[in-house]
Amino acid sequence: MMLSDTNAPGTIDGSRIMNLNKLKEYTDELTLHASRCKGSIILKGETRFGLASILTWQCSKCPHKIALETSPKVKGPSKYSRWECNLAAVWGQMTTGGGHSHLEESMGVFGIPVMTKAAFISTERAIGEWWKEKLMESMLEAGREKKRLAEESGSFHEGVPAIAVIVDGGWSKRSHKHSYNANSGVGIIVGKATGKLLHLGVRNKFCSACAQGIPQDRHHCYKNWSALSSEMETDIILEGFLQAERVHGVRYTTMIGDGDSSVYPSLIQNVPGWGHCIQKLECANHSCKYYRGALEKLVLENPAYKGTGGLTEKMRRRLVSSARCAIKMRSKEVDRKVAVRQLKKDLLNGPNHCFGNHEHCSPDFCSTAKDRLPSTSAITSASTHSIEPNPIDGGSRESSWDECTGAGKLER
Ligand SMILES: [Zn+2]
Ligand SMILES: [Zn+2]
Ligand SMILES: [Zn+2]
């Protein structure tokens, strides 16, 4: 909406963001007055509030004034109302990783003036508080859901509902050609049955205001960590476990996590009362990721392995898929000792199957091996090993090695 060629004072120019409902509302008022009074409605001034403005219009025939607001106000994160367009602009920058200067630059191209940096930071903080509040609400709701599910299934530890959780965390370890530990780390605890967030933590070693020498009592300080970066994840997960009973009324007695993590020993040692009862399950995702990583390393160090009939990219994917498929299948086995034995055999035999040697394949998921069985036992085998949704992945799309590794269509 260009204002420079109206009767406006020279200070009003460029463009503004105009809410269409507001425009409709004021057009009625402006035209109604103009038609009654037979005067022209002239733009007299503007008061800006970041991206929002109050435009003052004056009738040329009478003292009547109309103040037009370009944006609605919303009851935002705090008790104060905020202009919707300002909240939206800052929100947009927060979700795309931008900041005040990004907003200023992109809006500058349109000739749209923006809020000051201080107003941007204040809005950013208010939205942050809002997000935190909503996040807390949704985490408490997820906790209630998990507690109810544990109670319904009769899963208790010393009378307290006991649940299984997935834990993960991370921090950026190194950048290109550099090796350094990051200044920020994040950790999460997610309910296994619901897939919903139960705990989230962030640790920061760096605060830009502190770095500029601004005293801690004169800024909102983000620094909350001074120990090793590698210990951030453990600290956050431990914090979540320590709060489990008080916040959600449950105990996290089963933990599914990264095989490399130092989290588990810390939980056993530091969660008072029930820490020693926490059972750890390896995360299938991480295990497969490590397998793929090892294969990539192998071909990187030995490029000759890569050729046709060897460890091609497709073959590396197939090998990992065969391992994942075996994990899914064996996780249904009730007898854990049998499951471990079978899984070990399947994992070792995976490469044979992928390269077309089905001599040692299990008829449970290799069609070539199944075809070798007498017809009655083939039926028995198939019917007693039907696939159910996987407790870790929530579902199994591939029901056999042939499907997940594509061995039936092997082009070698
Ligand atoms: Zn008038
Ligand atoms: Zn600080
Ligand atoms: Zn096979």
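## Overview

What percentage of the 412 residues of the protein count as buried? In this predicted model, the share that counts as buried is 23%. The protein contains 13 helices and 11 strands. Taking contacts between residues at least 6 apart in sequence, 55% join residues at least 24 apart.

## The largest nonpolar core

The largest nonpolar core has 21 residues. Those that touch the most other members are Ile163, Val165, Val167, Ile237, Phe241, Tyr252 and Met255. At least two residues of this core come from each of α4 (117-152), β7 (160-171), α6 (232-248), β10 (251-257) and α7 (263-270). Helix α6 gives the most, with 6 residues.

Tyr252 touches Ile163, Val165, Phe241, Ala244 and Ile278, leaving aside residues up to four places away in sequence. Another core, of 13 residues, lies apart from the largest one, and its members include Cys325, Ile327, Met329 and Cys354.

## Helices α9 and α10

Two packed helices are described by the distance between their axes and the angle between them. For helix α9 (residues 313-330) and helix α10 (residues 336-354), the axes come within 9 Å and cross at roughly 160°. Angles over 145 degrees count as roughly antiparallel, so α9 and α10 are roughly antiparallel to each other. The crossing of α9 past α10 is right-handed.

On the α9 side, the contact is made by Met315, Arg318, Leu319, Ser322, Ala323, Ala326, Ile327 and Arg330. On the α10 side, the residues are Ala339, Gln342, Leu343, Asp346, Leu347, Gly350, Pro351, His353 and Cys354. The residues of this contact comprise 10 nonpolar, 4 polar and 3 charged.

How values were computed: Residues are numbered from 1 along each chain as its sequence is written. Chains are lettered from A and ligands numbered from 1 in the order in which they are written. This is a predicted model: local features need pLDDT of at least 70, side-chain atom pairs count only at pLDDT 80 or more; totals for chains, interfaces and linings use all residues. Helices (H or I, at least four residues) and strands (E, at least two) are DSSP runs, numbered from the N terminus. A residue is buried if 20 or more other C-beta atoms lie within 10 Å of its own, exposed if 12 or fewer, and partly exposed in between; C-beta atoms are placed from the backbone. Two residues are in contact if their C-beta atoms, placed from the backbone, lie within 7 Å. Axes are lines fitted to C-alpha atoms, for helices over the stretch in contact, and angles run from 0 to 180 degrees between N-to-C directions. Angles under 35 degrees count as roughly parallel, over 145 as roughly antiparallel, 65 to 115 as roughly perpendicular and the rest as oblique. A crossing is left-handed if the near helix is turned anticlockwise from the far one by less than a right angle, and right-handed if clockwise. Ala, Val, Leu, Ile, Met, Phe, Trp, Tyr, Cys and Pro count as nonpolar, Asp, Glu, Lys and Arg as charged, and the others, Gly among them, as polar. A nonpolar core is a set of buried Ala, Val, Leu, Ile, Met, Phe, Trp, Tyr and Cys residues joined through C-beta atoms within 7 Å.
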